[in-house]
Amino acid sequence: MAETKTTVRFQPEQKGPLHGIRVIDLSRVVAGNMLSLQLGDFGADVVKVEPPQGDALREWRDHGHSLHWKTYGRNKRSIALNLRQPQALKTLKKLLETADVFIENFRPGTLEEIGLSPQSLLEINPGLIIVRISGFGQTGPYAKLPGFGTLVEAMSGFASRTGFPDREPVLPPLALADMISGLTGANAVMMALFARERGDAEGQVIDLSLLEPIFASLGPEASIYSVTGKVKQRSGSGSNTVSPRNVYLCSDGKYVALSGSTQVIAMRIFDIVGRPEMKDDPRFSTNVERVRHRELVDEALGAWFVTRTRDDALKAMRAAGATVGPVYDIADISTDPHFAEREIVVDVEDADLGSIPQHNIFPRFSTTPGGFRHPAPGIGEQTEEILAEIGMTLADLEDKA
């Protein structure tokens with residue numbers, strides 16, 4: 001992304017607000033990595049425990065490059081352990097004795113089967129916060145089902161609300177359930193650390209499913225169904241709740257997104273598009289009626305947008321105080337001045353590519369910000385270093401005959 005001004009260099013000496021917190025991340029793929037990334041970005045020592053072949057996320061490649069891993073592996077150290085071997089399992093237990101947080105995403109019951117039950121871990125480290133990530137939670141009829149985000153995005157009700165009414169439900173084209181769960185998990189860890197710090201608890205177990213955070217994103221859907229007895233249907237980019245709200249095609253083939261979610265703004269939009277008479281029409285005078293007649297609302301707005309370029313439409317709408325924005329793809333983002341000035345995307349140094357753009361660390365802290373301390377490690381890159389911190393060597397990993 002050419003608009004970023006300088007390349008961010010990794011500075012191992014940086015300290016964030018979580019400096020001194022050690023995280024052992026035994027998870028694989030997205031949700032756990034997103035969780036530990038948030039903690040690592042703000043200074044936690046994240047020790048990524050990987051099998052000898054590495055986290056499966058490394059194999060998500062674009063043009064041969066493991067860009068997912070380069071992004072979600074930053075600010076972490078890697079130790080390679082084959083947990084099928086007794087010595088490696090003992091090593092992991094020793095690491096957990098030194099940890100504040102432990103993240104795992106095995107199928108429920110697997111941790112117990114390999115001798116790492118939460119109860120036994122809390123006996124050796126009473127202050128340990130154990131995050132158990134799974135598709136459907138540690139209990140319930142679906143607990144043992146494979147828990148990929150795709151299944152959860154379907155079963156949560158999310159996909160049934162996405163897409164157009166005359167087409168199939170649409171799954172998100174990215175790991176949305178995992179991302180939401182990872183961010184939720186980071187928040188949960190901070191609450192548990194706070195409770196421990198305040199003396200309200202020692203260690204505890206956090207049962208984090210992929211299902212519940214994305215279900216919560218549907219808002220009052222359960223209440224609406226209970227009260228009305230109706231299942232909300234797919235509405236494309238429109239809304240079952242407010243109108244006007246949609247994406248509209250402009251004369252240059254580009255799209256804008258508009259939301260008239262308050263009465264004042266909705267009335268203002270009718271004036272902008274040259275349809276002031278709609279303000280007094282009973283079909284459009286209230287939000288409830290506008291939703292009921294949203295096809296007519298969209299028809300009126302669409303006819304105005306299609307005669308103007310996206311830039312002209314945005315200028316006119318914004319000048320009149322309407323809430324509207326362009327529909328961007330990543331190429332648009334790469335040239336947008338707001339993204340550039342706030343450095344939402346930054347060029348980060350990279351040993352293979354010189355530098356690569358990544359999302360910047362968020363949220364922004366005024367006094368104790370996060371920082372870029374380590375690039376994503378190679379498989380087991382810090383194995384010897386991490387072993388030395390617990391008084392072990394590579395020779396100690398060898399199973400004794």
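## Crossing of α1 and α7

In this predicted model, helix α1 passes helix α7 in a right-handed crossing (the near helix is turned clockwise from the far one by less than a right angle). Helix α1 covers residues 31-41 and helix α7 residues 176-198; their axes come within 7 Å and cross at roughly 45°. The two helices are therefore oblique to each other (angles under 35 degrees count as roughly parallel, over 145 as roughly antiparallel, 65 to 115 as roughly perpendicular, and the rest as oblique).

On the α1 side, the contact (heavy atoms within 4.5 Å) is made by Ala 31, Met 34, Leu 35, Gln 38 and Leu 39. On the α7 side, the residues include Gly 182, Gly 185 and Val 189. The residues of this contact divide into nine nonpolar, three polar and one charged, where Gly counts as polar.

## Positive phi in two loops

Val 29 lies in the loop between β2 (22-25) and α1. Phi of Val 29 is near 65°, a positive value in a residue other than glycine. Val 29 counts as partly exposed because its relative accessibility is 23% (buried means under 20% relative accessible area, exposed over 50%, partly exposed in between, with a 1.4 Å probe).

His 63, in the loop between β3 (45-50) and α2 (67-72), also is not a glycine and has a positive phi of about 55°. With a relative accessible area of 83%, His 63 is exposed.

## Basis of the values

Residues are numbered from 1 along each chain as its sequence is written. Local features need pLDDT of at least 70, side-chain atom pairs count only at pLDDT 80 or more, totals for chains, interfaces and linings use all residues, and side-chain values use heavy atoms, without hydrogens and water.

Definitions and conventions: Axes fitted to C-alpha atoms, helices over the stretch in contact; angles between N-to-C directions. Helix = DSSP H or I, 4+ residues; strand = E, 2+ residues; numbered from the N terminus.
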